[in-house]
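Hi everyone, thanks for making time today. I'd like to walk you through a structure that may be new to you, so please have a look at the screen.

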Amino acid sequence: MKTIAIANQKGGTGKTTTAYNLGIALTQQGYRVLMVDFDPQGNLSCYCGIPPEQDLDQTLTELLMKVAGEKPLYHRECVYRSKRVDDGAPQVDFIPSNLRLAGFELAMGTMMCREILLRSCLEHYDSQYDYCIIDCSPSVGLLLTNALSAADEVIIPMQAQPFSVVGMSQLTDSVFSVQRKINPKLHIMGILLTMTQHTKVSEHYAADVRARYGNKLRVFDTEIPYNVKVQESQAFAAPTILYEPKSSSAKAYVEFTKEVVGHGREEQVYERDEDARDR
């Protein structure tokens, strides 16, 4: 299972929208995908069909508590299926989250191996999926450290706006610190420019990001343009690529997914899974 964290401590950069559309697009290509809502706000869970007011008994918090208590996890424990947008829409497996995760983050400070609790959880699902997509919370702390410790790669959504680069050094420092001390296989897959517009300001800052980071980090060729269809799809808890597949944003997410799949990974046939071969 290849684990990708969608991270940026700055809010409003399109992390959840990117995670959901990437997960659905990978599913459409025949991959087995597990999405993990690692944000106490639960926006990804809402996207997948669980409204904030629905108080679930089994969430990611319960999984983390069991791992911290060295209790065994059961097959597909806490895994839900996303709702269908229509009869032809693919479903994707996900582990939901809610505000209890914020309280658990505070309790994690006194726990043994607190930085790798999420990694220990996800190891249980490693043979069941091809991709795991982690939607991270907009913060720097133990939740982010856990996500980075569990991930193989990081995608950083970034708006082409004046303050888009604020905090980038802190985020990359966190990534490299986790890489050195906890997870040597971790690396940054790239920066994804989101909500770009055909304005001088947007084009200027998009070029600035490419110039500033292009020689250090990969900046994806695909940019996700600003489109009202994205906001509409969020209102209907639907992925943009299915809600309005002809929109510029939907087409961009499809192209972005192709870049992700083609990044350092050959097409694989999973000998252990006959269903995967059939797909």
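This is a predicted model: local features need pLDDT of at least 70, side-chain atom pairs count only at pLDDT 80 or more; totals for chains, interfaces and linings use all residues.

Let me begin with one term: strands here are DSSP runs of at least two residues, numbered from the N terminus.

Let's move to E1. How many of the residues of E1 are buried? The count is 5 of the 5, so E1 is largely enclosed by the rest of the structure. In a regular strand, side chains alternate between the two faces of the sheet. In E1, Lys2, Ile4 and Ile6 point one way, while Thr3 and Ala5 point the other way, and all are buried.

Who are the neighbours of E1? On one hand, E1 pairs with strand E5 (residues 131-136) in the parallel sense, over 5 bridges. Within E5, isoleucine 134 stands opposite alanine 5. On the other hand, 3 bridges join E1 to E6, and these two run parallel. There, isoleucine 4 has glutamate 153 of E6 as its bridge partner.

Strand E6 (residues 153-159) and strand E7 (residues 187-196) run parallel and are joined by 7 bridges. Isoleucine 156, for instance, stands opposite isoleucine 191 in E7. E7 is mostly covered, with 8 of its 10 residues buried.

Next, a residue I'd like you to find on the screen: asparagine 8. Where is it? Look in the loop between strand E1 (2-6) and helix H1 (15-28). Is asparagine 8 buried or exposed? With a relative accessible area of 5%, asparagine 8 falls under the 20% cut-off, so it counts as buried. Its side chain reaches the backbone nitrogen of lysine 10 at 3.0 Å. Leaving aside residues up to four places away in sequence, asparagine 8 touches a set of residues including Thr13, Ser137, Ile156 and Leu171.

Another residue to look for is phenylalanine 256, in helix H11 (residues 248-261). Phenylalanine 256 has a relative accessible area of 0%, so it is buried. Again leaving aside residues up to four places away in sequence, phenylalanine 256 touches Thr18, Leu22, Ile155, Leu192, Phe220 and Thr222.

Let's finish with a pair of helices. Two packed helices are described by the angle between their axes and the distance between the axes. Helix H3 (residues 60-68) and helix H4 (residues 100-108) pack at about 25°, and their axes are 9 Å apart. That angle is under 35 degrees, so H3 and H4 count as roughly parallel to each other. The contact residues divide into 4 nonpolar, 1 polar and 2 charged. On the H3 side they are Thr61, Glu62, Leu64 and Met65, which meet Arg100, Leu101 and Phe104 in H4.

That's my tour, and I'm happy to take questions.

Key
Residues are numbered from 1 along each chain as its sequence is written. Side-chain values use heavy atoms; hydrogens and water are left out. Two strands pair if DSSP finds at least two bridges between them. Helices (H or I, at least four residues) and strands (E, at least two) are DSSP runs, numbered from the N terminus. Buried means under 20% relative accessible area, exposed over 50%, partly exposed in between (1.4 Å probe, protein chains only). A polar contact is a pair of N or O atoms within 3.5 Å; within protein, one must be able to donate a hydrogen and the other to accept it, and residues adjacent in sequence count only if both atoms are side-chain atoms. Contact means heavy atoms within 4.5 Å. Axes are lines fitted to C-alpha atoms, for helices over the stretch in contact, and angles run from 0 to 180 degrees between N-to-C directions. Angles under 35 degrees count as roughly parallel, over 145 as roughly antiparallel, 65 to 115 as roughly perpendicular and the rest as oblique. Ala, Val, Leu, Ile, Met, Phe, Trp, Tyr, Cys and Pro count as nonpolar, Asp, Glu, Lys and Arg as charged, and the others, Gly among them, as polar.
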